[in-house]
Structures are given as C-alpha cells and as structure tokens.
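This report is for a reader meeting the structure for the first time. Please look over the sequence and the model before reading on.

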Amino acid sequence: NKGEVKGYSIKYGNIVDSSNEVIDEVLVSFFIAPKSYTGEDMIEFQCHGGAKVARSVLDLLLAQPECRLAEPGEFTFRAFVNGKMDLVQSEAVAELIESDNEMAMKIASRQLDGLLSRLFKDLREKLIFCLSECESRLDFPEENLDWDEELPEKIAGAVQQVRKLLDSAGRGEILRNGVKTVIAGKPNAGKSSLLNFLLGYERAIVTDIAGTTRDSLEESVVIRDIPVRLIDTAGLRENAGEIEKIGIERSYKYLDEAQVVFWMLDASAGDAADLLEYKSVHNKVIAVWNKCDLLEKNAVLPELPVKTVKISVLHGDGLEELCDAFEEAVWGMDERGNEAEFAVNARHATLLKEVEGLLGEAIINCMGHEFELAAVQLQLAVRNLGFITGETADVDILGEIFSRFCIGK
C-alpha cells in the first residue's frame, strides 16, 4: 500500500510465485510522485544477476492483469509529459544509451543535464523580446514610445547563436553515426593487415596471394574517441576473375560513399599510379605507404598531392601518425584537441536552418520598417524553437521521436 512506504526508501523481501516458491531475493526501491524519473509513483526491483532470474520476475509481474511491458521510450515520454524534462533532454536519454564512445557519452550527459536546452531557451527568449518590439510598433504606431533602435542588430546576434548551434551538427552526426572510412588500394598493399591492427583482432584473412579479399568487410571501431565504420575492400586491379571483379565494383562504390579513405600503397614497390589515377577521392584520401620497413635507408618515395603517412603494419611503426592524420581529416585542424560542449542532432539542425532563414528575412524587414512582416517571421522562428524543445510539438512528432528508443526507458 502506498501509505505504508516513504519515497526514496528501499525494502528487502522475496518474490514468490503462485505456489509460494521463492523466485528471488530482491530489493525494492520506492519513488513517490512527483519525485521520480517519470513524475509518477514508481518502484524498481533489484534482482540477482543473470537474465533467467530477471526474466522470471518479469514474467511473474506481467502475469498480473494490471501490468504490461512499457512501449519504446514510454518512461521518458511520461517524464516529458509530466514536465520532468523537455524534448531535447528526452532525446539525450536515447543518445546516452546508444553512445559508444566517451565524447558522445559526455555530450549526451550534458544535454540530459540541460545545457543545450538552456541555449535554446536563451535564444527563444531573445526572439520573443524582438517579436514584442515589432508588435508594440504595430499596436501603438502613433505613440512616441522608447523604441529599440538596435532591433536589427539584436536579431543579427540571434542569427550568430543559431549558426553556432548549427556548426555543431556535423560533429553530432559523426559521434552518433560514425565516420565511414574505406581502406583501398592494390592487392597485397596491406589493407586487411591494417583492418586487423585497428580492430585489435584477426578479422580479415591475410595471405601473400593477391585477391584474398574478394568482398568488402565492414566493422565498427573507435579511433581517437571517434566512432568509425571501417570497410576493408577488395584489391583494385585489372586482371581479376569474375567473382573478384564483383568485389572490385563494390570497392569503387564504397570509395564514392566514403568520408575518409586510407589508400594503401606498397612502399617496397614505390608505385602510386593507382591513387593518382583515381582523382575523385583526393579531397578525402590519406595516402598510406605501408611496408616502409622494407625500404633502403636512403630510399625516396614519390611526392603525392594528398596527406601522406609512412607506416609498417607488421612492426606497428607510424600507426600513431596515421591516427593523427585521421583525426585531422575528421575534425580539421581547428577542432583537434577541443572537446565539444554540445552537438545538435539532425532534427534540431533542420529546424534551426529554417530559423536562420526566417531571421535573415526579419532583419531586412525591420530595416525597411516592415514590422508586420518581421513579426510573422519572428513568430515562425519562435514556433520552430518550440518544436525543438517540445513546447509546441504535435503528437505525430512526439510519437516519431520516442519510437526510436530501443527499450521502454
């Protein structure tokens, strides 16, 4: 009974089945509304380890007519509805659960703590002030009130805030979805060896026989706290068999889709013709001279028009320099070593781009004393920010967002 327990209290007891047989000894935590995750009365069972025990307790609970499994994201949805968090924080719950690297985890934690929500709130308040200024000019056109003559500048300042938020979208996309990175080059250049080295285990078969890798292999790894979708491709060559040709066709397809390319070159052969011929990837390629341990002491390798790194996968030489080059290719020189405080997601970015366009038009209209038009644009911008935080979001948007949760949480 609710009246018999206090919030934030824990009780010890046994879970028993219909035949009074003990299933498990448990601790039960009680949370009384509104001081709970959802803002409602809640209890949490702490069972002993093991999926079987937890499943048995859950099955017993679900056998009760008043119990059911939570829908995906239902606990967080209830927290949102009950005002425990806004929509930006709700999205952070799913991102925190799904984070697979430290940087993504930290950003999601800050977002859950309200950092990004506060930025949106501050921006929205500034736009509401600008909107009230426009509307007061419309309501009292004949009055000689103390108008704010710097209204266009204030809106321009809001535009700068929007752009700062948008600048974080690329980083957010990378941290949430990973960088599609392709390992390409001729057969026997060391592509599969590099894949195995970066993964830390033998994923790809490595032999001296050209064409050993006939199809692409894709694995996930974290390099310098950057999530990476690493793809080892079939070696690129002309005289390949029919099956190998299919793999090579896929290699070119992956090259076109890649965000970063490690183009493996055999330093002992000193030939980079294959890289120079395939110019369409030069804006995202890192040339990797492998087998540098086989070079003569004063050997000179050809100059290449792309970022170049010399390594020996066999001996582990130059791999740190390769990771440096990769980090620079992903973040750029200005971002290296700087930890982002926040990162907007794709939904936020789409709405913010609309806000940016609306504010640009509002500035022009304010400068032309077209305050009625400016007011409409500012109203739409404020509404869009409400869509981001959930203040003006409709049921369909909420349903789509919370359906992405993989679990009831």
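## Basis

The model is predicted; local features need pLDDT of at least 70, side-chain atom pairs count only at pLDDT 80 or more, and totals for chains, interfaces and linings use all residues. Residues are numbered from 1 along each chain as its sequence is written, and side-chain values use heavy atoms, with hydrogens and water left out.

Helices (H or I, at least four residues) and strands (E, at least two) are DSSP runs numbered from the N terminus.

Three strands form an open sheet in the order 1-2-3, with antiparallel pairing; strands pair if DSSP finds at least two bridges between them. Strand 1 (9-16) and strand 3 (42-46) are the edge strands, each pairing on one side only. From one strand to the next, the twist averages 30°.

Helix 1 (residues 51-62) packs on this sheet and touches strand 1, strand 2 and strand 3. The direction of helix 1 makes about 70° with that of strand 2; axes are lines fitted to C-alpha atoms, for helices over the stretch in contact, and angles run from 0 to 180 degrees between N-to-C directions. Contact means heavy atoms within 4.5 Å.

## Helix 14 and helix 12

Leu398, Ile401 and Phe402 are buried in helix 14 (residues 395-402). Buried means under 20% relative accessible area, exposed over 50%, and partly exposed in between (1.4 Å probe, protein chains only). The cover over the buried residues of helix 14 includes helix 2 (74-81), helix 3 (87-98) and helix 12 (346-367).

Histidine 348 lies in helix 12 and counts as buried because its relative accessibility is 0%. Not counting residues up to four places away in sequence, histidine 348 touches Val88, Glu91, Gln111, Leu116, Phe120 and Ile388.

## Salt bridges

The structure holds 18 salt bridges, each a side-chain nitrogen of Lys or Arg within 4 Å of a carboxyl oxygen of Asp or Glu. In one of them, glutamate 74 pairs with arginine 78, with the closest N and O atoms 3.0 Å apart. Both residues lie in helix 2, four residues apart, about one turn of the helix. Glutamate 74 is buried at 12% relative accessibility, whereas arginine 78 is partly exposed at 32%.

Glutamate 320 and arginine 224 also meet in a salt bridge (2.8 Å, N to O). Glutamate 320 lies in helix 11 (residues 319-331) and arginine 224 in the loop between strand 5 (217-223) and strand 6 (226-232), so the pair ties together parts 96 residues apart in sequence.
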